[in-house]
Amino acid sequence: MKKSLFFLLFTGIIANAQSKTYDDIQWACKVISSSQAYTREAKTPLKATGTPDVMMSKAGLSDQSFHLGFKEGFTQEVPFSRVKVGFCSPQKINKIFIAESHAPGSITKVTVYDEADKAYEVYAEKAKKVNQPRRLLQIDLPFTNYNVSAVSIEANTGFDTAINTIDGIGIIESVNDIELPVYLQNLGSQINDGVDDLAPHISADGKTIYFVRDSHPQNVGIRKNKDDQDIWVSTQNSTGEWQQAQNMGEPINNEVYNFPVSISPDEQTIYLYGHYDKYGRPSGAGISYSTKTASGWSVPKNIEIKKYYTKVRQVSMFMSQNKKYLLMAINPKSGKHLDLYVSFQEKEDKYGRPIYMGNTINTDANEVTPFLASDNKTLYFSSNGHGGRGSNDIFVTKRLDDTWTNWSTPVNLGAPINTPGYDADFSLSAKGDYGYLVTTTDTYGKADIAQIKLTSEVKPNPVVLVTGRVLNQKTNEPIGAEVVYELLKNGQVEGVAASDPKNGVYKVILPYGENYGYRANVSGFYPISKNLDLTQVSDYKEVVNDLYLAPIEKGETFRMNNIFFETAKYELLSESYPELDRLVTFLTKQKEVSIEISGHTDDVGNGEYNLELSQNRAQAVVNYLVEKGIDTSRIIARGYGEAKPVTTNDTEEGKQENRRVEFTIL
């Protein structure tokens with residue numbers, strides 16, 4: 001009975017913790033000690049108590065926040081600052097929140113105290129400049145088995161010339177992440193440079209951002225004495241800090257206005273506004289793309305859109321992550337306003353006639369800057385025809401079927417994303433947790449690029465980001481190759497990516513709901529396929545999986561990962577057909593090649609039974625090939641049972657690796 005009562009009490013505590021929100025954070029109610037005087041009302045440690053006053057509305061210096069280096073009677077800041085605050089209701093915690101409302105990064109040490117004033121250090125870092133005007137620092141620690149009554153902060157205010165301020169110190173106990181109030185976070189001076197910084201496009205992994213700088217002194221056109229906008233790029237370092245942005249240079253940029261349309265998930269292709277001639281000079285309206293080579297970006301190549309025409313000069317476009325769908329804001333009719341259309345891929349560089357996306361999205365006003373999330377269903381766009389806070393607002397809608405004309409009612413993303421001004425150009429990573437946009441609030445000069453955490457109501461559906469390297473199976477050297485992913489149920493190709501020609505790194509995005517096969521292709525090699533079953537929807541994930549290409553040589557063995565049988569049976573499942581059909585194509589083209597199909601099992605069960613099962617499975621593959629026209633004299637079946645394991649049978653993963661079908665070139 002006592003055990004049951006304890007269980008009920010424990011689960012009740014967890015349930016209460018799970019339901020906690022930002023409003024449940026307990027903010028400090030008193031100052032216990034400080035290295036600064038706090039007799040005056042403004043700027044003193046007293047301003048670090050209570051709910052944050054200015055943090056969620058505006059960054060910058062304010063008398064309503066604690067100036068860490070401020071000391072009465074001194075004309076300069078003191079180089080080090082300490083403050084200890086107390087809480088009116090001591091409690092167990094596992095999270096601390098510190099609202100750094102201006103020039104964050106000076107905090108070097110955080111200590112918590114129990115009710116007997118025993119100290120526990122929970123945070124120690126070197127002071128460093130954070131490239132954003134403000135930060136809500138969250139410190140996670142193991143659940144305390146004592147009540148926390150106080151928190152102290154030590155800061156090095158001499159590391160930077162800026163005044164560091166604290167707007168609140170809070171504690172909470174929660175098993176889940178706290179849904180924090182949303183506010184725009186400027187991406188910092190490494191990206192925003194005092195000019196108009198516009199049109200952000202974040203990479204699939206969220207670690208690289210491409211954007212436009214207007215009339216920057218280093219722009220290609222400015223150097224040629226012309227008004228100009230160029231595409232710039234910045235990447236994060238290993239600690240997540242944005243590095244100094246770089247101009248992408250020619251041939252991406254030229255003497256006219258240059259804009260990114262989309263970035264492929266693998267970052268091997270960038271789509272650009274406008275057509276180019278063979279010398280890389282602008283040659284008219286439309287869309288083009290440039291690919292990454294071993295020596296740099298290629299001269300942009302034009303994309304053809306069947307019966308493309310618009311009477312409105314302003315055009316915005318977006319290429320989907322799988323390259324199958326090209327979205328655009330055009331008006332082929334009256335020329336009075338822009339509507340959203342979609343064009344479907346017909347060949348690599350050719351897209352079909354634009355199709356009107358329906359009246360749920362389109363209005364009698366302008367719909368522009370479409371952005372299709374990685375799930376290929378959630379659409380963000382800008383409009384001044386759905387009502388809102390001002391000129392243009394950003395909305396979100398979801399595609400309800402495959403007609404591309406049936407959409408959910410658009411939802412306004414609200415403040416602070418939308419303002420009384422013109423709001424457009426919205427971008428998301430594959431994870432879909434943060435949105436990237438242009439803001440004129442708390443900027444370094446003119447328009448700046450900022451990020452904002454999205455609430456669950458406006459996030460896209462979760463996807464899986466698969467990354468790894470394409471390698472030579474024999475030498476382990478990286479290879480630049482085409483990466484194809486398909487539906488195993490019917491062999492339909494869902495997308496084509498590329499691996500980096502220098503390091504072999506690839507990235508593909510797979511929406512939930514399907515069982516996928518994926519592989520690398522390059523001439524002279526046979527692909528070793530992988531599969532990922534995503535039929536059961538789950539949260540966003542990142543999967544690392546290297547892909548191998550085996551040279552086509554006598555004696556080389558190729559594992560066929562996408563061959564499937566029922567447990568302990570040898571009838572082929574239909575998901576095996578795409579893999580087998582590729583082998584049929586290979587043998588049809590390579591008529592001089594003969595092969596052995598080998599079956600292998602783990603060591604579970606009777607050895608003789610496993611030998612027979614492996615032989616039958618190998619024979620089932622041979623029978624399929626023969627039915628498809630391959631001469632029986634070129635293929636033999638051989639079962640090895642459990643005799644040739646590739647790894648240990650002591651784990652379930654190892655057993656799965658040992659259960660396989662291979663073929664060897666004879």
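Y271 counts as buried, at 6% relative accessibility, where buried means under 20% relative accessible area, exposed over 50% and partly exposed in between (1.4 Å probe, protein chains only). The model is predicted: local features need pLDDT of at least 70, side-chain atom pairs count only at pLDDT 80 or more, and totals for chains, interfaces and linings use all residues. Residues are numbered from 1 along each chain as its sequence is written, and side-chain values use heavy atoms, with hydrogens and water left out.

A search of the whole structure finds 19 aromatic pairs; rings of Phe, Tyr and Trp (its six-membered ring) pair if their centres lie within 6.5 Å, and planes under 30 degrees apart count as stacked, over 60 as edge-to-face and the rest as tilted. The pair of Y271 and Y289 is tilted, because the ring centres are 6.1 Å apart and the planes stand at 45°. This pair links distant parts of the chain, with Y271 in strand 17 (residues 269–276) and Y289 in strand 18 (residues 282–293), 18 residues apart; strands (E, at least two residues) and helices (H or I, at least four) are DSSP runs, numbered from the N terminus. Y289 is also buried, with a relative accessible area of 11%.

F318 and F371 form another tilted pair, 4.8 Å centre to centre with 55° between the planes. Since F318 lies in strand 21 (residues 316–319) and F371 in strand 26 (residues 367–372), the pair ties together parts that are 53 residues apart in sequence. F318 is buried at 4% relative accessibility, and F371 is buried with a relative accessible area of 4%. Together with Y380 and F426, these two residues form one aromatic cluster.

Y380 and F426 also belong, with M357 and L379, to the residues with the most contacts inside the largest nonpolar core, which has 31 residues. Such a core is a set of buried Ala, Val, Leu, Ile, Met, Phe, Trp, Tyr and Cys residues joined through side-chain atoms within 4.5 Å. Among the elements that give two or more residues to this core are strand 26, strand 27 (378–383) and strand 28 (393–398). A second, separate core of 28 residues includes M560, V584, F586 and I635.

Finally, consider helix 4. Its buried residues, including L613, V621 and L625, pack against helix 3 (577–589), strand 43 (595–600), strand 44 (635–639) and strand 45 (660–665), contact meaning heavy atoms within 4.5 Å. Helix 4 is followed by G629, whose phi is positive, near 105°.
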